[in-house]
Amino acid sequence: IRAHPAIRVHLQEVDAARQAALVANGDVDCAISRTPAVIPEGWEFIPLLRDRFAVIAGPHHPLALKRVLTMEDLLGATWLGMPVSVPARGVLDALFAESSTQPTLFNAITASPGMIWALLSQERLLALLPLSVVKQLRDARLLVELPIAQKIPFDEIGLLMPRESRGE
């Protein structure tokens, strides 16, 4: 933006369905997104950042001091629930699918980054979140990433753009 001050950038944060509509209607010049399931005709996806899921907690959570977490630790914790439409929800369900018991879910469900941070900071909760979403808070030590044995990959983040200039 500083290198090209005459160019105006209008940033919109939208869900995947709204983003697909904006792209399909030609209402955006480009989009930053996860790897799309289907790339629209005439568009291309350029991967920019690998991502993965991380188990996240507030810095004062008792498990924040452990060097390695066991499945019993994870099952014994209370988890912040995510809406079923959020990929993390399916990954969390799969993580515990083979267990005879299920973890306790907190009585609030949210996908709002601000609310997630507030709840993790104030309650003894764990959350499974894309690292890209919480990296700045983790790096500032406002949240902590808990050590789990396996890395859980997630779709790459990249640029979705038309193959050819729209000539505007």
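The model is predicted, so local features need pLDDT of at least 70 and side-chain atom pairs count only at pLDDT 80 or more, while totals for chains, interfaces and linings use all residues. Residues are numbered from 1 along each chain as its sequence is written, and side-chain values use heavy atoms, with hydrogens and water left out.

Start with helix 3, residues 87–95. Helices (H or I, at least four residues) and strands (E, at least two) are DSSP runs, numbered from the N terminus. Ala88, Arg89, Leu92 and Leu95 are buried there, meaning under 20% relative accessible area with a 1.4 Å probe, protein chains only; exposed means over 50%, and partly exposed lies in between. These residues cover an arc of only 125 degrees around the axis, so they sit on the same side of helix 3. The arc is taken from the directions from the helix axis to the C-beta atoms. The buried residues pack against several elements, including strand 2 (43–57), helix 2 (71–76) and strand 7.

Strand 7 (152–162) leads on to Arg163, in the segment after it. Arg163 is exposed, at 54% relative accessible area. Leaving out residues up to four places away in sequence, Arg163 touches Gly42, Trp43 and Glu44; contact means heavy atoms within 4.5 Å. The Arg163 side chain reaches the backbone oxygen of Trp43 at 3.3 Å.

Now turn to Leu11, in the segment before helix 1 (16–24). Leu11 counts as exposed because its relative accessibility is 72%.

Note on methods. Polar contact = N/O pair within 3.5 Å; in protein donor to acceptor, adjacent residues only side chain to side chain.
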